[in-house]
Amino acid sequence: MSSGATVLVTRNFEHNLDEIERFLTEADAGGASFDDLLDMLANVVVPHLERHPDLGRDFLARPALSIEAEARVEKLTRQLSVLTAKADERPDDQPADRPSLREYVMAHYVVLYVHVGDRVHLLAIRHHRQLSFDFDALWLGTP
C-alpha cells in the first residue's frame, strides 16, 4: 500500500463540480449543500486518498453489461495503457507503478480517479441522482 500520495484535480472534475452546484440548485436536492460537498472533499476524501490511494474499488473489475459500456471500458483501458507505457519508461532503479482506475463511493456522490505512482488524479464526480434518468422530463408534452 502506498502512502503520501499527492491528490490533483483535473479540469473535468472542476467542470463536474460546477454541474453539481447547478444541479443541486435546480433540483432542490433535499438539504444537500454544495458547501457540504466541498467540505467533505477537502476534509475527508482528499486526506483519505492521500493516505490510502487504492481505497476506492477497482472500476475496471466490474463487468460491462452493455455493448456501449464494453466500448467505453475498452477505450479507458487503451488510455490507461498510455500511462502504463509512461510508467515503464522509468529508470531501472525505480519500479514501474501501474495506473489504477478507481471509484470512491460517498453517501451521495461517486468520484472517479486514477492512481498512478505517488499521484491521484480526480477525474470526475457525480451526484447519485445525476446518474439516473429524469423520467418526468422524458414524457413532457407526450400525449
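pLDDT is the predictor's confidence in each residue, from 0 to 100. Keep that scale in mind, because this is a predicted model, in which local features need pLDDT of at least 70 and side-chain atom pairs count only at pLDDT 80 or more, while totals for chains, interfaces and linings use all residues. Residues are numbered from 1 along each chain as its sequence is written, and side-chain values use heavy atoms, with hydrogens and water left out.

**Stop 1: the whole chain**

Colour the protein chain by pLDDT. The average is 81, and 76% of the residues score at least 70. Select helix H2 (residues 34–51), where confidence is highest, at a mean of 96. Then select helix H4 (residues 135–138), where confidence is lowest, at a mean of 57. Where pLDDT is low, the predicted coordinates should not be read in detail.

Now switch to a cartoon view. The protein chain has 4 helices and 5 strands; both are DSSP runs numbered from the N terminus, helices being H or I with at least four residues and strands E with at least two. Along the sequence they follow the pattern β-α-α-β-α-β-β-β-α.

**Stop 2: the sheet**

Select the strands. They form an open sheet of 5 strands in the order E1-E5-E4-E3-E2, with mixed pairing. Two strands pair if DSSP finds at least two bridges between them. Which strands stand at the edges? Strand E1 (6–9) and strand E2 (57–58) do; each has a single partner strand, so one side of each is left without a neighbour in the sheet.

Contact here means heavy atoms within 4.5 Å.

**Stop 3: two hairpins**

Select strand E3 (residues 100–105) and strand E4 (residues 109–116), which pair in the antiparallel sense over 6 bridges. E3 and E4 form a hairpin with 3 residues between them. Arg102 has Tyr113 in E4 as its bridge partner, and Glu103 stands opposite Leu112 in E4.

E4 and E5 pair in the antiparallel sense over 8 bridges, and Val110 has Arg126 in E5 as its bridge partner. This second hairpin has 2 residues between its strands, and Gly117 in the turn has a positive phi of about 60°.

How many residues of E4 are buried? The count is 7 of its 8 residues, where buried means under 20% relative accessible area, exposed over 50%, and partly exposed in between (1.4 Å probe, protein chains only).

**Stop 4: two polar residues under cover**

Select Glu103, in strand E3. Glu103 is buried, with a relative accessible area of 5%. The side chain of Glu103 makes a polar contact of 2.8 Å with that of Arg57 and another of 3.5 Å with that of Arg62. A polar contact is a pair of N or O atoms within 3.5 Å; within protein, one must be able to donate a hydrogen and the other to accept it, and residues adjacent in sequence count only if both atoms are side-chain atoms.

Move to His115, in strand E4. Is His115 buried or exposed? His115 is buried, with a relative accessible area of 6%. The side chain of His115 makes a polar contact with the side chain of Asp54 at 2.7 Å and reaches the backbone oxygen of Gly117 at 2.9 Å. Show Ala5 as well: the C-alpha atoms of His115 and Ala5 are separated by 8.8 Å, though these residues are 110 residues apart along the chain.

**Stop 5: the nonpolar cores**

A nonpolar core is a set of buried Ala, Val, Leu, Ile, Met, Phe, Trp, Tyr and Cys residues joined through side-chain atoms within 4.5 Å. Select Leu37, Leu41, Leu49, Met106, Leu122 and Ile125, which touch the most other members of the largest core, a set of 20 residues. H1, H2, E4 and E5 each give two or more residues to this core.

Centre the view on Met106. Leaving out residues up to four places away in sequence, Met106 touches Leu37, Met40, Leu41, Val45 and Val111. Another core, of 6 residues, lies apart from the largest one, and includes Leu101, Leu112, Val114 and Ala124.
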